[in-house]
Amino acid sequence: AALACVQLFFGLFPVFGKLAFEAFAPQAVAAWRIAAGAVVLGGVAWLLHGRALLPRLRLVPLLALTSCLGITINMVMYLEGLHRTSATTATLLMGLIPVFTFVVAILAGQEVFQLRRASGVVVALVGATALRWAEAEGQFTIDWVGLLLLMGNALSYSIYFVLTRPLAKAHPPLVVIAWMFLFALPFAPWLAARVEVLPQAS
């Protein structure tokens, strides 16, 4: 049920993201998401887990790295890519996340190559290349910069998935995700300084 909700929210985000771009630049959306996530998730994690919110010192570098990959880089690339493409394109390219995760997990020794899983990877890649076929048939025009940004987002998120496994075993999930946003918080002012963070009056 939790994973089904995740997929629902993933599917809705591109639509609401496009609506947000009517008032905010992509970097401003990223700044607000990081700031709000750090405050809300950090506060809830502290209320529910108390001292358990403090991470183990040996895991702090890994927390910082995964935060950079899974929050800052991932979020900025995704929002910039979404801004340049359609909501449908962005959603379809999210199908590359399990493809990249499968490859990265094999390279990291967390997964074993299996033909059935590899077949799933091929199916996902065929689905992604359908975008190229649609462009060739003149159904819509693809912004290749946006496409590459979305693919970079998928790769960054995949590496993040693999690296967070030891973190998820050492701390409650809410504590892990709270620290992801807390470590990303210093980037919020930098993103906000580059664009207008308040909606423009119509």
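## A tour of the helices

Start with helix H3, residues 60-84. Its 25 residues should span 36 Å at 1.5 Å a residue, and the end C-alpha atoms lie 35 Å apart, so the two values agree. This is a predicted model. Now select asparagine 74: H3 bends there by about 35°.

**Zoom out to the whole chain**

Colour the chain by secondary structure. You will find 10 helices and 0 strands. Read along the sequence, the pattern is α-α-α-α-α-α-α-α-α-α. The chain has 202 residues, and 38% of them are buried. Switch to a surface view. The chain exposes about 11600 Å², with carbon and sulfur atoms supplying 72% of that area. Then turn to contacts. Take those between residues at least 6 apart in sequence: 83% of them join residues at least 24 apart.

**Back to H3: threonine 66**

Select threonine 66, which sits in helix H3. Is threonine 66 buried or exposed? Its relative accessibility is 0%, so it counts as buried. Show its side chain and look for backbone oxygens around it. A polar atom of that side chain lies 2.8 Å from the backbone oxygen of leucine 62. The backbone oxygen of leucine 63 is 3.0 Å from a polar atom of the threonine 66 side chain.

Next, display what else touches threonine 66. Which residues are in contact with it, leaving aside its neighbours within four places in sequence? They are Ile71, Tyr160, Leu163, Thr164, Leu167 and Met180. Keep Tyr160 and Met180 in mind, both on that contact list. Each comes up again below.

**Aromatic pairs**

Now show the rings of the aromatic residues. The whole structure holds 6 aromatic pairs. Pick phenylalanine 13 and tyrosine 78. Their ring centres are 5.6 Å apart and their planes meet at 35°, so this pair is tilted. The pair links distant parts of the chain: phenylalanine 13 is in helix H1 (residues 2-20), tyrosine 78 is in helix H3, and 65 residues separate them. Phenylalanine 13 has 22% relative accessibility, so it counts as partly exposed. Tyrosine 78 has 8%, so it counts as buried.

Move on to tryptophan 179 and phenylalanine 183. They too form a tilted aromatic pair, 5.6 Å centre to centre with 45° between the planes. Where do these two residues lie? Both are in helix H9 (residues 173-184), 4 residues apart, about one turn of the helix. Tryptophan 179 counts as buried at 19% relative accessibility, because the cut-off for buried is under 20%. Phenylalanine 183 has a relative accessible area of 26%, so it is partly exposed.

One more aromatic stop. Select Phe10, Tyr157, Tyr160 and Phe161, which form one aromatic cluster. Tyr160 is the residue you met in contact with threonine 66.

**Last stop: helix H9**

Hide the rest and keep H9. It has 12 residues and reaches 17 Å from its first C-alpha to its last, close to the 16 Å expected at 1.5 Å a residue. Which of its residues are buried? Select Val175, Val176, Ala178, Trp179, Met180, Phe181 and Ala184. Met180 is the residue from the contact list of threonine 66. Show both residues together to finish: threonine 66 in helix H3, and Met180 among the buried residues of H9.

Technical notes
Residues numbered from 1 in each chain as written. Predicted model: local features only at pLDDT ≥ 70, side-chain atom pairs only at ≥ 80, totals over all residues. Heavy atoms only, no water. Buried < 20%, exposed > 50% of the residue type's maximum accessible area, 1.4 Å probe, protein only. Contact = heavy atoms within 4.5 Å. Areas by Shrake-Rupley, 256 points an atom, 1.4 Å probe, with all protein chains shown as cover. Expected span 1.5 Å × (residues − 1). Bend = angle between axes of the 7 residues up to and from the residue. Phe/Tyr/Trp six-rings, centres within 6.5 Å; stacked < 30°, edge-to-face > 60°. Polar contact = N/O pair within 3.5 Å; in protein donor to acceptor, adjacent residues only side chain to side chain.
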